[in-house]
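Thanks for coming, everyone. Let me put the chain up on the screen, and then we will walk through it.

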Amino acid sequence: GMGGGMGGGMGGGMGGPPVGSQGVRYDCPRDKVGLVIGKGGETIRRLQADTGAHIHVDRDTSQVMLRGTNEAIDQARAALDNLVYSGPGGGGPG
(Lines give C-alpha, C1' and ligand atoms only; values in the text may rest on other atoms or scores of the structure.)
Protein backbone atom coordinates (compact mmCIF):
# COMPACT_ATOMS: atom_id res chain seq x y z
CA GLY A 1 0.00 0.00 0.00
CA MET A 2 0.90 3.65 0.11
CA GLY A 3 1.94 4.06 3.75
CA GLY A 4 4.01 7.07 4.66
CA GLY A 5 7.60 6.12 5.40
CA MET A 6 8.13 8.51 8.31
CA GLY A 7 5.83 7.09 10.99
CA GLY A 8 7.03 6.53 14.55
CA GLY A 9 10.78 6.59 14.25
CA MET A 10 11.31 7.09 17.98
CA GLY A 11 10.48 3.74 19.50
CA GLY A 12 12.64 1.48 21.62
CA GLY A 13 15.53 0.54 19.40
CA MET A 14 16.80 -2.30 21.53
CA GLY A 15 15.72 -5.31 19.48
CA GLY A 16 17.70 -6.42 16.46
CA PRO A 17 17.41 -4.54 13.20
CA PRO A 18 14.09 -4.88 11.39
CA VAL A 19 13.68 -8.00 9.31
CA GLY A 20 15.05 -7.61 5.81
CA SER A 21 17.40 -4.87 6.85
CA GLN A 22 21.02 -4.97 5.89
CA GLY A 23 24.26 -3.22 6.61
CA VAL A 24 25.86 -1.08 3.94
CA ARG A 25 29.30 0.45 4.15
CA TYR A 26 29.58 4.14 3.41
CA ASP A 27 33.02 5.32 2.36
CA CYS A 28 33.58 8.43 4.39
CA PRO A 29 36.81 10.38 3.95
CA ARG A 30 38.86 9.94 7.11
CA ASP A 31 39.01 13.67 7.78
CA LYS A 32 35.22 13.97 7.62
CA VAL A 33 34.36 11.38 10.24
CA GLY A 34 34.27 13.97 13.01
CA LEU A 35 31.94 16.06 10.87
CA VAL A 36 29.55 13.15 10.46
CA ILE A 37 29.47 12.44 14.19
CA GLY A 38 29.18 16.07 15.19
CA LYS A 39 29.69 17.68 18.55
CA GLY A 40 28.89 15.07 21.17
CA GLY A 41 27.26 12.95 18.46
CA GLU A 42 24.46 15.41 17.76
CA THR A 43 24.89 15.41 13.97
CA ILE A 44 24.76 11.64 13.65
CA ARG A 45 21.75 11.50 15.97
CA ARG A 46 19.93 14.03 13.82
CA LEU A 47 20.81 12.14 10.65
CA GLN A 48 19.44 8.94 12.15
CA ALA A 49 16.24 10.65 13.25
CA ASP A 50 15.79 12.29 9.83
CA THR A 51 16.49 9.24 7.69
CA GLY A 52 15.29 6.38 9.86
CA ALA A 53 18.57 4.57 9.22
CA HIS A 54 20.93 3.43 11.94
CA ILE A 55 24.38 4.92 11.35
CA HIS A 56 27.43 3.49 13.07
CA VAL A 57 30.86 5.08 12.84
CA ASP A 58 33.98 3.17 13.78
CA ARG A 59 36.40 5.83 14.88
CA ASP A 60 39.41 3.52 14.55
CA THR A 61 38.89 2.62 10.92
CA SER A 62 36.78 5.70 10.10
CA GLN A 63 34.33 3.30 8.51
CA VAL A 64 30.65 4.23 8.45
CA MET A 65 27.96 1.54 8.45
CA LEU A 66 24.35 2.21 7.47
CA ARG A 67 21.58 -0.12 8.59
CA GLY A 68 17.89 -0.15 7.87
CA THR A 69 15.52 -0.51 4.96
CA ASN A 70 16.75 0.24 1.46
CA GLU A 71 14.83 3.47 1.58
CA ALA A 72 16.38 4.54 4.88
CA ILE A 73 19.85 3.66 3.64
CA ASP A 74 19.33 5.65 0.44
CA GLN A 75 18.24 8.67 2.47
CA ALA A 76 21.13 8.32 4.88
CA ARG A 77 23.61 8.03 2.03
CA ALA A 78 22.22 11.15 0.41
CA ALA A 79 22.33 13.04 3.70
CA LEU A 80 25.92 11.95 4.29
CA ASP A 81 26.95 12.92 0.76
CA ASN A 82 25.38 16.28 1.39
CA LEU A 83 27.26 16.71 4.64
CA VAL A 84 30.61 15.33 3.57
CA TYR A 85 30.87 16.71 0.05
CA SER A 86 29.08 20.05 0.45
CA GLY A 87 32.48 21.64 0.94
CA PRO A 88 33.62 24.11 3.60
CA GLY A 89 31.36 26.84 4.94
CA GLY A 90 28.10 25.29 3.79
CA GLY A 91 25.03 26.39 5.72
CA GLY A 92 24.84 28.40 8.92
CA PRO A 93 23.87 27.17 12.36
CA GLY A 94 20.67 25.20 12.54
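Let me start with a question: what share of the contacts in the chain with a separation of 6 or more comes from residues 24 or more positions apart? The share is 57%. Contact here means heavy atoms within 4.5 Å.

Now the ground rules. This is a predicted model, where local features need pLDDT of at least 70, side-chain atom pairs count only at pLDDT 80 or more, and totals for chains, interfaces and linings use all residues. Residues are numbered from 1 along each chain as its sequence is written, and side-chain values use heavy atoms, with hydrogens and water left out.

Next, the layout. The chain has three helices and three strands. Read from the N terminus, the order is β-α-α-β-β-α. Helices (H or I, at least four residues) and strands (E, at least two) are DSSP runs, numbered from the N terminus. The chain has 94 residues, and 28% of them count as buried. Buried is under 20% relative accessible area, exposed is over 50%, and partly exposed is in between, with a 1.4 Å probe and protein chains only.

On to the helices. Two packed helices are described by the angle between their axes and the distance between the axes. Here we look at α2, residues 42–51, and α3, residues 70–85. Their axes come within 9 Å and cross at roughly 140 degrees. That makes α2 oblique to α3. For the cut-offs: under 35 degrees is roughly parallel, over 145 roughly antiparallel, 65 to 115 roughly perpendicular, and the rest oblique. Axes are lines fitted to C-alpha atoms, for helices over the stretch in contact, and angles run from 0 to 180 degrees between N-to-C directions.

Who makes the contact? From α2, T43, L47, D50 and T51. From α3, A72, Q75, A76, A79, L80 and L83. By type, the residues of this contact are six nonpolar, three polar and one charged. Ala, Val, Leu, Ile, Met, Phe, Trp, Tyr, Cys and Pro count as nonpolar, Asp, Glu, Lys and Arg as charged, and the others, Gly among them, as polar.

Stay with T43 for a moment. T43 sits in helix α2. T43 counts as buried, because its relative accessibility is 12%. Leaving out residues up to four places away in sequence, T43 touches L35, V36, I37, G38 and L83.

Now the strands. β2, residues 54–58, and β3, residues 63–68, pair in the antiparallel sense over five bridges. Strands pair if DSSP finds at least two bridges between them. V57 stands opposite V64 in β3. H54 has R67 of β3 as its bridge partner.

Which side chains of β2 are buried? I55 and V57 are, and they point to one face.

Last, the loop between β2 and β3. The hairpin has four residues between the strands. S62 is in this loop. S62 is not a glycine, yet its phi is positive, about 55 degrees. Is S62 buried or exposed? S62 is buried, because its relative accessible area is 8%.

R59 is in the loop too. R59 counts as exposed, because its relative accessibility is 62%. The C-alpha atoms of R59 and I37 are separated by 9.6 Å, and the two residues are 22 apart along the chain.

That is the tour. Over to you.
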